[in-house]
Amino acid sequence: MHDDDELLATHLQELRRGTVVLACLLMLDRPDYGYALLDRLTRAGLAVDANTLYPLLRRLEKQGLVTSDWNTEESRPRKFYRTSDRGAALAAALSRDWDELDTVLRSLKGAS
């Protein structure tokens with residue numbers, strides 16, 4: 001049973017990897033900082049580890065898919081992220097593909 005649990009965990013991780021990218025691009029249509037985004041993702045049902053999210057945000061920023069700005073007006077400075085125009089275009093394309101895949105998978109499940 002342990003091997004099956006490990007196998008499931010591996011495949012779930014693979015399945016969720018791209019999902020987290022799309023979720024972040026969609027959720028950052030309004031500026032938010034990392035910890036708040038982590039909380040919003042969890043409340044939406046997509047739990048993500050901080051050790052996964054922060055490197056992902058840095059990678060998305062390097063790719064030009066999100067932008068960031070420091071807010072130093074509060075006692076503790078926070079880095080706010082927002083989806084760029086390029087990121088929004090990618091999110092729209094990925095969302096269309098997601099919808100198509102969802103339709104195909106629902107059809108396959110119904111055919112079995």
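**Entry 1: elements**

I take a helix to be a DSSP run of H or I with at least four residues, numbered from the N terminus. By that rule I place alanine 91 in helix H4, residues 85-111. I note at the start that the model is predicted.

I then listed the elements of the protein chain and found 4 helices and 3 strands. I read their order from the N terminus as α-β-α-α-β-β-α. For the extent, I have a C-alpha trace spanning about 55 × 35 × 25 Å along its principal axes.

**Entry 2: surface and contacts**

I looked up burial next. Of the 112 residues in the protein chain, 27% are buried. I get an accessible surface of about 8100 Å². Carbon and sulfur atoms hold 54% of that surface.

I also checked contacts along the chain. Among those with a separation of 6 or more, I find that 45% link residues 24 or more positions apart.

**Entry 3: the sheet**

In what order do the strands of the open sheet stand? I read E1-E3-E2, with antiparallel pairing. I have E1 and E2 at the edges, each with a single partner strand, so one side of each lacks a neighbour in the sheet. As background, I recall that strands of a sheet pair through backbone hydrogen bonds.

I went through the bridges one pair at a time. E1 and E3 are joined by 2 bridges, in the antiparallel sense. There I see aspartate 32 opposite tyrosine 81 of E3.

E2, residues 66-71, is joined to E3 by 6 bridges and is also antiparallel to that strand. I find valine 66 bridged to threonine 83 in E3. Aspartate 69 faces phenylalanine 80, also in E3. The link from E2 to E3 is a hairpin, which I count at 6 residues.

**Entry 4: rings**

How many aromatic pairs does a search of the whole structure find? I get 1. I identify the rings as those of tyrosine 33 and phenylalanine 80, with centres 5.5 Å apart. Their planes meet at 70°, and since over 60 degrees counts as edge-to-face, I log the pair as edge-to-face.

I then placed both residues. Tyrosine 33 is in E1 (residues 32-33) and phenylalanine 80 is in E3 (residues 78-83), so the pair ties together parts that are 47 residues apart in sequence.

I also looked for a charge over the tyrosine 33 ring. Arginine 78 lies over its face, 4.1 Å from the ring centre.

**Entry 5: the core**

I turned to the largest nonpolar core and counted 21 residues. I list those with the most contacts inside it as Cys24, Leu25, Leu37, Leu41, Val48, Leu53 and Leu60. I see at least two core residues from each of H1 (2-27), H2 (34-43) and H3 (50-62). Which helix gives the largest share of this core? I find H1, with 7 residues.

I followed leucine 25 further. Leaving aside neighbours within four places in sequence, I find its contacts to be Leu60, Leu65, Val66, Thr83, Gly87, Leu90 and Ala91.

**Entry 6: back to alanine 91**

Is alanine 91 buried or exposed? Its relative accessible area is 3%, so I record alanine 91 as buried, the limit being under 20%. With neighbours within four places left out, I list the contacts of alanine 91 as Leu22, Leu25 and Leu26. I checked leucine 25 against alanine 91 by C-alpha distance and got 6.0 Å. Along the chain, I count these two residues as 66 apart.

Methods: Residues are numbered from 1 along each chain as its sequence is written. This is a predicted model: local features need pLDDT of at least 70, side-chain atom pairs count only at pLDDT 80 or more; totals for chains, interfaces and linings use all residues. Side-chain values use heavy atoms; hydrogens and water are left out. Rings of Phe, Tyr and Trp (its six-membered ring) pair if their centres lie within 6.5 Å; planes under 30 degrees apart count as stacked, over 60 as edge-to-face and the rest as tilted. A charge sits over a ring if NZ of Lys or CZ of Arg is within 6 Å of the ring centre and within 35 degrees of the ring normal. Two strands pair if DSSP finds at least two bridges between them. A nonpolar core is a set of buried Ala, Val, Leu, Ile, Met, Phe, Trp, Tyr and Cys residues joined through side-chain atoms within 4.5 Å. Buried means under 20% relative accessible area, exposed over 50%, partly exposed in between (1.4 Å probe, protein chains only). Contact means heavy atoms within 4.5 Å. Accessible areas come from the Shrake-Rupley method with a 1.4 Å probe; for residues, only the protein chains shown count as cover.
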